[in-house]
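Reader: I am new to this structure and would like to go through it step by step. Could we look at it together?
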Amino acid sequence: MNSVHNVDLTPFNTLALPGKAAAYRKITAPEQLTAPELAGQTRFILGGGSNLVLTGDFAGLVLHMAIPGKRLLKEDSEAFYIEAGAGENWHDFVQWTLQQGWPGLENLSLIPGTVGAAPIQNIGAYGLEVGECFHSLTAWDFEKQAFFPVDRDNCRFGYRDSVFKQEGWHLNGRMAITSVIFRHPKAWTPNLRYADVNQELAAQNITTPTAQDVAKAIVAVRQRKLPDPVVIPNTGSFFHNPVVEAAQAEALKASHPTLPCYPQPDGRVKLAAGWLIEQAGWKGKNLGPVGMYEKQALVLVNRGGATGDDVKRTMAAVQADVQARFGVALTPEPIFL
């Protein structure tokens, strides 16, 4: 399989930002990664492009992970173990597991992206992180020229974090995830920690929800709050919810009683970035062609014709205003290329 040169990457990032790759290759099978000519090149591993800010042209090789496949690998008395190729669409995969009677991932419905990218970011929503259902994965190491397994403990999952980000393995193109195995416990109970989900179920008069009921409720909530990237280009939540020391959270709560705060196991407190951004005056506000979404201030959107520089300018302005008003630093979630 040969690389294609000078490829427009606009269709491959959900912010619809312009930029070209010097070379591009679509990967549909793990063994394609073993091609000797890939080893010495500057690489970027691309999934669904839903967590990417393209800042211009990329002088290296973009490897677009599109490995398909999903199956029940095995089961034991406690759980189902489901394997999926890195290129599988995340939402479609979640819905498929539910249709097969393997609940567990329903709270992560409608998150954009691919299966292979999910553990890198340790995607999470509505009281669940993918690391909680993760079993292991297989990846290709371009330096060692070998496939290697990574189990849950070695992933070092954290809030929107993993060993792949901590070590820079993914960002520097050293490794590419080819498949992921998830563990779905057979003893399932609905995860209804978020009020929005409970309210949606109540509106449908559902008192004993199934996993599919929960998934449908979350899809409905997300569709009301978040823009469809096909209609309004975006990357979903643009900033991490900041985690601060308890003393700072208490001081902020004293002066801003409606600030949502979430105590963490380590004694620190997670703050709601969307609330901070809204209170700083950025909900629905634009700076040129980029702004923060009018229904959810945490979502940065491309109003049309934006570039990576426009995104960086708006990001910096939002960060400066939140820092000035609350003394809290916001960190972006997406990768910048």
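Predicted model: local features only at pLDDT ≥ 70, side-chain atom pairs only at ≥ 80, totals over all residues.

Reader: Let us begin with the inside. Which residues touch the most other members of the largest nonpolar core?
Author: Phe239, Leu271, Ile277 and Val322 do, in a core of 43 residues. Helix 9, which covers residues 308-326, gives the most to this core, with five residues.

Reader: And what is Ile277 in contact with, leaving aside its neighbours within four places in sequence?
Author: Ile277 is in contact with Phe239, Trp282, Lys283, Met292, Ala297, Leu298, Val318, Val322 and Leu330.

Reader: What does the second core include?
Author: That core is separate and has 41 residues, among them Ile120, Leu128, Ala139 and Val221. In general, nonpolar side chains in soluble globular proteins tend to be buried together.

Reader: Turning to helices, how do the axes of helix 5 and helix 6 cross?
Author: Helix 5 (residues 195-203) and helix 6 (residues 211-225) have axes that come within 9 Å and cross at roughly 110 degrees. The two helices are therefore roughly perpendicular to each other.

Reader: Which residues meet there?
Author: From helix 5, Asp196, Val197, Glu200 and Leu201 take part. Their partners in helix 6 are Asp213, Ala217, Ile218, Ala220, Val221, Arg224 and Lys225.

Reader: Now the rings, please. How many aromatic pairs are there?
Author: The count comes to 14 aromatic pairs. One aromatic cluster is formed by Phe80, Trp90, Phe93, Trp96, Trp102 and Phe182.

Reader: Which ring does Arg43 lie over?
Author: Arg43 lies over the face of Phe142, at 4.0 Å from the ring centre. Elsewhere, the charged end of Lys74 sits over the ring of Tyr81, 4.9 Å from the centre of that ring.

Reader: A last topic: the backbone. What is phi of Asn6?
Author: Phi of Asn6 is near 55 degrees, which is a positive value in a residue other than glycine. Asn6 is placed in strand 1, residues 4-8.

Reader: Is Asn6 buried or exposed?
Author: Asn6 counts as exposed, because its relative accessibility is 51% and the cut-off for exposed is over 50%.

Reader: Where is Arg156?
Author: Arg156 is in the loop between helix 3 (152-155) and helix 4 (163-166). Its phi is near 50 degrees, again a positive value in a residue other than glycine. With 40% relative accessibility, Arg156 counts as partly exposed.

Note on methods:
Residues numbered from 1 in each chain as written. Heavy atoms only, no water. Phe/Tyr/Trp six-rings, centres within 6.5 Å; stacked < 30°, edge-to-face > 60°. Lys NZ or Arg CZ within 6 Å of the ring centre and 35° of its normal. Core = buried A, V, L, I, M, F, W, Y, C linked by side-chain atoms within 4.5 Å. Buried < 20%, exposed > 50% of the residue type's maximum accessible area, 1.4 Å probe, protein only. Helix = DSSP H or I, 4+ residues; strand = E, 2+ residues; numbered from the N terminus. Contact = heavy atoms within 4.5 Å. Axes fitted to C-alpha atoms, helices over the stretch in contact; angles between N-to-C directions. Parallel < 35°, antiparallel > 145°, perpendicular 65-115°, else oblique.
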